[in-house]
Amino acid sequence: MTIDLSDAARAAAAAVDPAAIRDDLRAMVRIPSVTGREEAIAADLARRLAGIGMATETLLADSAAIRLDPAWPGEETDRASLPVVIGFLGREGGRRIVLSGHLDVVPPGDPASWTADPWGGEIRDGRLYGRGACDMKGGVAAILGAVRALVASSATAGLDGELVVALVPGEEDGGQGTLAAIRAGATGDLAIITEPSSLDIVVAHAGAITFRLTVPGRAAHASQRREGVSALDSLFTILRGLEADETARNAAETDPLMVALGLPYPTIVGIVHGGEWASTVLDRVVVEGRYGVRLGQSPADAAEDLRRAIDAINASDAFLGEHPATVEIVGGQFGSGRVPSDHPLPIGLADAAEAITGRRPALLGEPYGADMRLFINEGGTPCVIYGPGE
Amino acid sequence: MRHLRARGVKVAHSADEHVPLAEVEECARVLAAWVVRELGPA
């Protein structure tokens, strides 16, 4: 099938400047922007967007106010500010489309585990290395490259509508930066987030909530261990119950894109705390973990599923029935999101990609949370993920 | 339209995180074309 693409669209694509993209990306990677510390990179990106020719605003969103928003997704780090950079190109009043990316990155971990400086932007064999190079400063550089090309090819003068670029903080711990951008009006008819997707199109993603479980036991001296009840035994009972719950929740999924993932809604425990003395039967274990949010569910719906599962496990065990484990929901809360596979957004994007690259992107579901759901569920803006990197 | 199994998260958040520059450039070309296609000529 031949894809119809105008001369102006092909000219804009041809105007992309690889050297400028490489320079933008290397400069961004050299600015550490671990979640909660995005001020310097936001200022840099505001300068870059303005330099390209976008009308640019930096919103210093009110962190206290955003925490009161009913859709506030939580946070897992301290922050002094929530800087959101928004650029505008084209004509107000017509159709409006949004390109968005986050500027925060996760910490680099042990530097000894790297073969490159995490903040160096080294280029080797056509790949640029560094924390955030893939997730997702590469995607932000692609947005900058596209805007540069629109301006350089004079396509801007022909736009019958407005392009909005929203560059946000705080994605890695929940998405409050995108929520702030949406509340400030950075919405439109269609949106693309350039998170890494290996240039396929993500039309569905699961969500996740973080939970803390306090699991009781009964202390006793090790020499009289039968007098006590180890909280570890109770924890194993709960883990077996959560495994059965995970199996049932995943088996109930019918969306083919999520079924294809095999386990779209994993439940895991990633942190375990317990014990004060080696020869005392454990009287308490506190664990933290992650629970999947199914398509169509809000984080609150998933929390209700989890509470019901824990209640059922408590009720099925003699000790836990009298000394129930308790669950709290803490940290970042990622809802799920879905755009129909036959929606004009993924179809139009796939058409453009096929026309430019000769390869039609696949439509995918993903098991992790992303800001896509905020544009869909809170911004009323159909949104997909399409970006470079794995 | 192909519906393929997702390949999973391998590079994001890992040590030696990297991105192929050719993919970044290709993404920029597609985005530029898509914007013009969606917003159309005046």
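This is a predicted model: local features need pLDDT of at least 70, side-chain atom pairs count only at pLDDT 80 or more; totals for chains, interfaces and linings use all residues.
1. Helices here are DSSP runs of H or I with at least four residues, strands are E runs with at least two, and both are numbered from the N terminus. Residues run from 1 along each chain as its sequence is written, with chains lettered from A and ligands numbered from 1 in the order in which they are written.

2. Helix 6 (residues 176-183) of chain A is mostly covered, with seven of its eight residues buried (20 or more other C-beta atoms within 10 Å of a residue's own; 12 or fewer is exposed, anything in between is partly exposed, and C-beta atoms are placed from the backbone). The buried set is A:Gln176, A:Gly177, A:Thr178, A:Leu179, A:Ala180, A:Ala181 and A:Ile182. Among the elements covering them are strand 1 (55-61), strand 2 (82-90), strand 3 (95-102) and strand 6 (161-168) of chain A. Helix 4 (63-67) and helix 12 (372-377) of chain A also belong to that cover.

3. On to the layout of chain A. Its domain assignment gives domain 1 (7-205 + 337-385) and domain 2 (207-334); such bounds come from an automatic or database assignment. Taken over C-alpha atoms, the centres of these two domains of chain A are 35 Å apart. Between them, 16 residues of domain 1 of chain A are in contact with 14 residues of domain 2 of chain A (contact means backbone-placed C-beta atoms within 7 Å). On the domain 1 side, strand 8 (201-205) and strand 14 (363-366) of chain A are the elements that give two or more residues. Strand 14 of chain A gives the most, with three residues.

4. There is an open sheet of four strands in chain A, in the order 10-11-9-12 and with antiparallel pairing (two strands pair if DSSP finds at least two bridges between them). Strand 10 (267-274) and strand 12 (326-334) of chain A are the edges, each pairing on one side only. Ten bridges hold the antiparallel pair of strand 9 (residues 207-216) and strand 11 (residues 284-293) of chain A. For a handy landmark in the viewer, A:Pro216 stands opposite A:Arg284 in strand 11 of chain A. Helix 7 (residues 231-251) of chain A packs on this sheet and touches strand 9, strand 10 and strand 11 of chain A.

5. Chain B is simple to describe: one helix and one strand. Of its 42 residues, 55% count as buried. Where does chain B meet chain A? The contact takes 40 residues from chain B and 74 residues from chain A. Strand 1 (18-20) and helix 1 (21-39) are the elements of chain B that give two or more residues to this side, and helix 1 of chain B has the largest share, 19 residues.

6. The two chains also share strand pairing. Strand 5 (residues 127-129) of chain A and strand 1 of chain B run antiparallel, joined by three bridges. The bridge partner of A:Tyr129 in strand 1 of chain B is B:His18.

7. At least three residues come from each of domain 1 and domain 2 of chain A. Have a look around B:Ala33: leaving out residues up to four places away in sequence, B:Ala33 touches A:Leu5, A:Ala9, A:Arg10, A:Ala12, A:Ala13, A:Ala352, A:Ala355 and A:Ile356.

8. A:Asp135 and A:Met136 are joined by a cis peptide bond with omega about -5°, and A:Met136 is in helix 5 (residues 133-152) of chain A. A:Leu199 is not a glycine, yet has a positive phi of about 60°. A:Leu199 lies in the loop between strand 7 (190-193) and strand 8 of chain A and is buried, with 21 other C-beta atoms within 10 Å.

9. B:Asp16 is another non-glycine with a positive phi of about 60°. Is B:Asp16 buried or partly exposed? B:Asp16 is partly exposed, because 16 other C-beta atoms lie within 10 Å. You'll find B:Asp16 in the segment before strand 1 of chain B.

Key
Two residues are in contact if their C-beta atoms, placed from the backbone, lie within 7 Å. Axes are lines fitted to C-alpha atoms, for helices over the stretch in contact, and angles run from 0 to 180 degrees between N-to-C directions.
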